[in-house]
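User: I have the model open and want to go through a few spots. Can you take my questions one at a time?

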2 protein chains.
Amino acid sequence: MHIMNAYAERKYGCMRMQELKEKNKYVFGIDIGGTACKLGLFSDDGSLLEKWQIPTDRSNDGMKVFEDLAETVDAKIRERAIERHNVIGIGAGVPASISAEGVVQKCPALGWSDFKVADKISQVVGLPAVCGNDANLAAAGEAWKGANHSYSDVVFVTLGTGVGGGIICNGRILQGAHGCSGELGHIKVNPHETKADGCGGCGCLQQYASATGIANMAEEVLMEKGDSARGSYLDGIGSITAKDVFDGAKKGDEISLTVVEKFGEILGRALAGICVVFDPEVVIIGGGVSAAGEIVIDAVRKHYVKWAFPPCADMEFRLASLGNDAGIYGCAKMVIDEL
Amino acid sequence: MHIMNAYAERKYGCMRMQELKEKNKYVFGIDIGGTACKLGLFSDDGSLLEKWQIPTDRSNDGMKVFEDLAETVDAKIRERAIERHNVIGIGAGVPASISAEGVVQKCPALGWSDFKVADKISQVVGLPAVCGNDANLAAAGEAWKGANHSYSDVVFVTLGTGVGGGIICNGRILQGAHGCSGELGHIKVNPHETKADGCGGCGCLQQYASATGIANMAEEVLMEKGDSARGSYLDGIGSITAKDVFDGAKKGDEISLTVVEKFGEILGRALAGICVVFDPEVVIIGGGVSAAGEIVIDAVRKHYVKWAFPPCADMEFRLASLGNDAGIYGCAKMVIDEL
């Protein structure tokens, strides 16, 4: 009995230690963008303790950013008197495809090519690091902590300057054998397009459904309509944005409504195709364009239903709810899952 | 020491028993089709011991088929003097979407609707049963035992009367939240199509890339070309088949080559889209059309490369190698994985 008690004491003493230790574990999530790096300090249960950002300095062939990240992470660790061994690691999101071996082949936004980002972060910051595609990580963040609901199978589309995407399968990011799963902006939706997309191909989804694409479509519709567009909400705006188009549509402006209809048709049809490849529980739409609100979902769902394969016509659509924080949440999730 | 030896004897005695028991375990794979049911008896290491088929009798609202299956399975068990408790179970493939709850909502080929096929088989045959979509299971079979190579991430397209598909992710079939993952034949590739597909939608991939679709495209090209088609290999064939088209193309017939080019363009572009949703190690093409051989792969890859997102342009393409047996292999794999 005495031995058993000593054993129990040791055992439960250890458990208390473990608990204490676990309570003090930290994770950094870093969303590295072309203009700013967003950082989040998380506890290992996924609570965001603090977030901040630093400008992205692309000098020295994109290497300066690593020194800046090391500096801000070190400063935060000192400021909060965190012991380094209690930092599980750093999760970083980058705007590029990453191969199964962790290599960023090409990242024009930061000037990197054929480069193992996680190794570099780990070396410069002196902490374990993992790295993923930013849109995939935003998808993971939304699936995990977004929309007051946790999903395990998600198609996430982000409508910003371009169209990004991420697929969550069984709670995990679908990476793909060449790092290309969820690169939804590059689905070819118009074989007749002659203008090239940034990827070099023509007729990519992002040439129409991104903020840039919507603005371009608005300019085209205005041109087509000519004099009959006079008096439109969009007429006379120097440089039309996607926000203008949705604002106009909300006011009932006909030209704006035409553009929203085109956007909905193209994205809705593309999503009908996406959802017979990977059939999710929910399609989540995020990115700057999604700030226009339910009008975006309504426009897309209307056309999705028309083109959908009947058994998945009743798909759930949701707006992303974490906004710019989705990426850092996804980065933290990656560290918790993988390190 | 004595105790240890007795323990070891017990332990290793048990292991030998276990081995023996495992050697005698069996699995039935059944691919239920509209005209025939293909059956395979497997050992639980995935070796095919014997295969046979019975005609599909769709009478009694599609219920007769279950009695016939029970009869042939029972007969095989008796013939081989297999003990029923050594049959792990039955895996069945059906030509329909199956919900996450195992419900076949609609299976026109067999006259079933809102129906739990696995429960029915289990009840009638008196053995544990699992059920899946036939194209998904063919994909699993090919990924597992096909092409002298085992893959864990596969896009499988089957070109038969229609176009089916299946996606293998991490060695497992991707089912989808509504049972629709891998329903590749229903990707909308032509928004201008006015003829409806069997699913009710217009412009589905299978309206062009199936055996039927290829034959239809050939008829159309012949009509378009009118008199200038005289003397073509296809001219004068009463009812053109996809095989005729590929045969003609192999002989250098211009009309046939035009049709193969159209087929390659449509399927290649669709696959470029599919591979930025789910980016596999390999695309495997099966079904009756694939019997034409490497010409199919060449036609598709030529256009795939043109439309592909650059990081996954270097995709591997392969012809399916298990032919009509892919389905029963996939059924056996499902039993081994799930029962």
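User: What is the bridge partner of B:F156 in β9(B)?
Analyst: B:G166 in β9(B) is the bridge partner of B:F156. This is a predicted model: local features need pLDDT of at least 70 and side-chain atom pairs count only at pLDDT 80 or more, while totals for chains, interfaces and linings use all residues. Residues are numbered from 1 along each chain as its sequence is written, chains are lettered from A and ligands numbered from 1 in the order in which they are written, and side-chain values use heavy atoms, with hydrogens and water left out.

User: How do β8(B) and β9(B) pair, and over how many bridges?
Analyst: Strand β8 (residues 154-159) of chain B and β9(B) are antiparallel, with six bridges. Strands count as paired if DSSP finds at least two bridges between them. The strands themselves are DSSP runs (E, at least two residues), as are helices (H or I, at least four), and both are numbered from the N terminus.

User: What does β9(B) pair with on the β10(B) side, and in which sense?
Analyst: Strand β10 (residues 172-173) of chain B pairs with β9(B) in the antiparallel sense, over two bridges. B:I168 is opposite B:I173 there. Two residues lie between the strands in that hairpin, where B:N170 has a positive phi near 60°.

User: How many residues of β9(B) are buried?
Analyst: Seven of the seven residues in β9 (residues 163-169) of chain B are buried, so the strand is largely enclosed by the rest of the structure. Buried means under 20% relative accessible area, exposed means over 50%, and partly exposed is in between (1.4 Å probe, protein chains only).

User: Which residues point which way from β9(B)?
Analyst: B:V163, B:G165, B:I167 and B:C169 point one way, and B:G164, B:G166 and B:I168 point the other, with all of them buried. In a regular strand, side chains alternate between the two faces of the sheet.

User: Changing topic. How many salt bridges are there over all chains?
Analyst: The whole structure has 38. A salt bridge here is a side-chain nitrogen of Lys or Arg within 4 Å of a carboxyl oxygen of Asp or Glu.

User: Take A:E79 and A:K76. What is the N to O distance?
Analyst: Their salt bridge has an N to O distance of 3.1 Å. The two residues are three apart in helix α3 (residues 64-79) of chain A, which means about one helical turn separates them. A:E79 is exposed at 57% relative accessibility, whereas A:K76 is buried at 7%. Both belong to a salt-bridge network that links A:E50, A:K76, A:E79 and A:R80.

User: And what does A:K195 form with A:E220?
Analyst: A salt bridge, with the closest N and O atoms 3.3 Å apart. A:K195 is in the loop between β10 (172-173) and α6 (206-209) of chain A and A:E220 is in helix α7 (residues 211-225) of chain A, so the pair ties together parts 25 residues apart in sequence. A:K195 is exposed, at 53% relative accessible area, and A:E220 is partly exposed at 38%.

User: How far apart are the closest N and O atoms of A:K333 and A:D337?
Analyst: They are 2.7 Å apart, in a salt bridge. Both residues are in helix α11 (residues 326-338) of chain A, four residues or about one turn apart. A:K333 is buried at 14% and A:D337 partly exposed at 29%.

User: Now α5(A). How many of its residues are buried?
Analyst: Nine of its twelve, so α5(A) is mostly covered. The buried ones include A:L137, A:G141 and A:E142. Just after the helix, A:A147 has a positive phi of about 50°.

User: Last one. What rotation superposes chain A on chain B?
Analyst: A rotation of 180°, with 0.0 Å of shift along its axis, at an RMSD of 0.1 Å. The copies are thus related as by a two-fold rotation axis. They are superposed by least squares on C-alpha atoms of residues with pLDDT of at least 70 in both.
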